[in-house]
Amino acid sequence: MSLFLLLLLVALVLGVVGLAAEGLFYLFVIGALVLVADLVLAGVLIGRRGRPAR
């Protein structure tokens, strides 16, 4: 859970800095990619937790 929150915070900071600073749009793109990776990670973790053990 803490990894999810850390990656979410990093994505948010990179996105804000990338949009606010002129010429640093690549930081926004990196932040968006980190956000997508974070959501995939959360989906995988929730998917594993939802299945009953055999």
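User: Where is leucine 8 found?

Analyst: Leucine 8 sits in helix H1 of this predicted model.

User: Why is leucine 8 called partly exposed?

Analyst: Its relative accessible area is 33%. Buried means under 20%, and exposed means over 50%. The value for leucine 8 lies in between, so leucine 8 is partly exposed.

User: What does leucine 8 touch, not counting residues up to four places away in sequence?

Analyst: Leucine 8 touches Leu35 and Asp38. A contact needs heavy atoms within 4.5 Å.

User: How far apart are leucine 8 and leucine 39, in sequence and in space?

Analyst: They are 31 residues apart in sequence. In space, C-alpha to C-alpha, the separation is 8.8 Å.

User: What makes aspartate 38 count as buried?

Analyst: Its relative accessibility is 0%. The cut-off for buried is under 20%, so aspartate 38 counts as buried. This aspartate is placed in helix H2, residues 25-50.

User: Which residues does aspartate 38 touch, leaving out those up to four places away in sequence?

Analyst: Aspartate 38 touches Phe4, Leu7 and Leu8.

User: How many aromatic pairs does the structure hold?

Analyst: The structure holds one aromatic pair. Phenylalanine 25 and phenylalanine 28 form it.

User: How do you know that phenylalanine 25 and phenylalanine 28 form a pair, and why is the pair called tilted?

Analyst: The distance is 5.5 Å centre to centre. Ring centres must lie within 6.5 Å, so the two rings pair. The angle between the planes is 35°. Stacked needs under 30 degrees and edge-to-face over 60, so this pair is tilted.

User: What separates phenylalanine 25 and phenylalanine 28 along helix H2?

Analyst: About one helical turn, because they are three residues apart in helix H2. Phenylalanine 28 has 30% relative accessibility and counts as partly exposed.

User: Is valine 17 buried or partly exposed, and what makes you say that?

Analyst: Valine 17 is partly exposed, with a relative accessible area of 36%. That value falls between the 20% and 50% cut-offs. Valine 17 is found in helix H1, residues 2-20.

User: Which residues make the nonpolar surface patch of about 440 Å²?

Analyst: Leu9, Leu12, Val13, Val16 and Val17 make the patch. A patch residue needs over 30% relative accessible area. Valine 17, at 36%, passes that cut-off.

User: How many helices and strands does the protein chain have?

Analyst: The chain has two helices and zero strands. Of its 54 residues, 15% count as buried.

Methods:
Residues are numbered from 1 along each chain as its sequence is written. This is a predicted model: local features need pLDDT of at least 70, side-chain atom pairs count only at pLDDT 80 or more; totals for chains, interfaces and linings use all residues. Side-chain values use heavy atoms; hydrogens and water are left out. Helices (H or I, at least four residues) and strands (E, at least two) are DSSP runs, numbered from the N terminus. Buried means under 20% relative accessible area, exposed over 50%, partly exposed in between (1.4 Å probe, protein chains only). Patches are made of residues with over 30% relative accessible area and no salt bridge: like charges are joined within 9 Å, nonpolar side chains (Val, Leu, Ile, Met, Phe, Trp, Tyr) within 5 Å. Accessible areas come from the Shrake-Rupley method with a 1.4 Å probe; for residues, only the protein chains shown count as cover. A salt bridge is a side-chain nitrogen of Lys or Arg within 4 Å of a carboxyl oxygen of Asp or Glu. Rings of Phe, Tyr and Trp (its six-membered ring) pair if their centres lie within 6.5 Å; planes under 30 degrees apart count as stacked, over 60 as edge-to-face and the rest as tilted.
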